[in-house]
Amino acid sequence: MPAPGTLLRLAADKERRLLPGTDTFRVADGSPWPGVFVDSLAGRFLVSLRDVELPADLRRELEASGRDSFIKHLAKGDKAAPAPLLTPTQPTRFEAQECGVRFILDMQSGYSQGLFIDQRDNRAAVRRLCRPGDTVLNLFAYTGAFSVCAALAGASTTTLDLAQPCLHWCRENMAANGLDPSQHFFCKGDALHWLTRFAHQGRRFRGIVLDPPTFSRDDKGRIWRAERDYGDLVARAAACLEPGGWMLCTTNCRKLSPAAFRSLVSAGAPGARLRAEPMPFDFDGEPYLKTLFVNT
């Protein structure tokens with residue numbers, strides 16, 4: 001059993017290594033509590049459980065921490081919102097920061113809280129890549145975190161997602177960072193449909209972000225699987241890329257090894273230069289996230 005005080009010690013150790021203006025990070029990544037993942041979100045703890053119950057010692061530490069804490073189950077098919085361990089003392093919808101960028105999170109929004117914190121380094125890299133006047137397409141955008149980072153660097157962004165509430169959330173995230181959402185573009189619908197439409201229109205982008213779900217089904221019942229179809233997605237996106245442009249290709253599909261993922265991306269963008277990137281330092285457990293930056 002971990003020593004008393006392990007949770008707060010881990011949180012303090014990780015927090016010291018973060019860049020200024022960051023209050024969202026992973027505290028425990030499957031260790032020292034197997035099957036337990038703890039995130040710190042602007043002073044709140046989110047505990048995700050995979051096929052285990054909340055350990056009694058961790059429960060005691062959470063209750064003694066003085067922080068609002070929430071519990072989420074990662075069982076397949078369980079998409080319930082996190083449940084509070086105790087009655088929350090702070091608002092469950094709040095602002096969090098990542099490298100000085102503000103994002104709105106919501107503990108009651110459903111299974112996901114508005115920000116995939118394992119993409120922190122990739123968002124920072126996109127911001128560094130962008131220049132004023134660049135055009136960036138963010139597919140499968142969720143709440144548009146990549147769009148916000150690109151826009152802060154001066155890029156004109158196009159944010160695309162199937163869910164209208166996510167596009168509204170992206171607008172809120174932009175406004176929270178002093179950006180004018182009306183200066184950017186938002187598209188609701190299927191990414192493959194829009195890529196085909198952009199290609200036919202001759203519309204090109206300097207940068208494209210590809211972070212699709214591992215599995216999806218369109219309105220006609222057609223199934224998309226990352227381990228089978230990612231290469232085709234890359235090819236469709238590459239057709240909408242400016243000469244000399246870049247793509248961020250990333251997936252959390254555990255069925256894809258890094259080598260297999262690289263093979264799919266390379267097949268979709270033959271001749272492109274690929275650069276792999278690791279996960280953020282605080283994700284020190286299973287390296288499930290694969291990331292390739294593609295330069296044509």
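Contact, in these legends, means heavy atoms within 4.5 Å.

This is a predicted model, in which local features need pLDDT of at least 70 and side-chain atom pairs count only at pLDDT 80 or more, while totals for chains, interfaces and linings use all residues. Residues are numbered from 1 along each chain as its sequence is written, and side-chain values use heavy atoms, with hydrogens and water left out.

**Figure 1. Met 247 and its contacts.**
Let us start with one side chain and its surroundings. Leaving out residues up to four places away in sequence, Met 247 touches Ile 208, Leu 210, Val 234, Ala 237, Ala 238, Leu 241, Ala 269, Leu 292, Phe 293 and Val 294.

**Figure 2. The largest nonpolar core.**
A nonpolar core is a set of buried Ala, Val, Leu, Ile, Met, Phe, Trp, Tyr and Cys residues joined through side-chain atoms within 4.5 Å. Buried means under 20% relative accessible area, exposed means over 50%, and partly exposed lies in between (1.4 Å probe, protein chains only). Which residues touch the most other members of the largest nonpolar core? Among its 31 residues, they are Ile 208, Leu 210, Tyr 230, Met 247, Cys 249 and Val 265. Two or more residues each come from strand E8 (135-139), helix H6 (191-201), strand E11 (205-210), helix H7 (226-238), strand E14 (241-251), helix H8 (258-268) and strand E16 (290-295). Helices (H or I, at least four residues) and strands (E, at least two) are DSSP runs, numbered from the N terminus. With five residues, H7 gives the most to this core. A second, separate core has 25 residues, including Leu 105, Ile 117, Cys 170 and Tyr 288. In soluble globular proteins, nonpolar side chains tend to be buried together.

Leu 167 lies in helix H5, which covers residues 164-176. Leu 167 counts as buried because its relative accessibility is 2%. Beyond its neighbours within four places in sequence, Leu 167 is in contact with Tyr 142, Thr 159, Leu 160, Asp 161, Phe 186, Cys 187 and Lys 188.
Is Cys 170 buried or exposed? At 0% relative accessibility, Cys 170 counts as buried. Not counting residues up to four places away in sequence, Cys 170 touches Thr 143, Gly 144, Ser 147, Thr 159 and Phe 186.
Cys 166 has its place in helix H5 too. Its relative accessible area is 12%, so Cys 166 is buried. With neighbours within four places in sequence set aside, Cys 166 is in contact with Tyr 142, Thr 143 and Asp 161.

Why is helix H4 (residues 145-152) described as largely enclosed by the rest of the structure? Seven of its eight residues are buried. These buried residues are Ala 145, Phe 146, Ser 147, Val 148, Cys 149, Ala 150 and Ala 151. Just after H4, Gly 154 takes a positive phi of about 100°.

A cis peptide bond, with omega about 5°, joins Ser 31 and Pro 32. Pro 32 sits in the loop between strand E1 (24-29) and strand E2 (36-41).
Ala 42 is found in the loop between E2 and strand E3 (44-49). Ala 42 is a residue other than glycine with a positive phi, near 50°, and it is buried, with a relative accessible area of 16%.
Asp 51 belongs to the loop between E3 and helix H2 (56-65). Phi of Asp 51 is positive as well, near 60°. Asp 51 is exposed, with a relative accessible area of 71%.

**Figure 3. Stepping back to the whole chain.**
Eight helices and 16 strands make up the secondary structure of the chain. Its C-alpha trace spans about 60 × 40 × 40 Å along the principal axes. Of the 296 residues in the chain, 51% are buried. Among contacts with a separation of 6 or more, residues 24 or more positions apart account for 59%.
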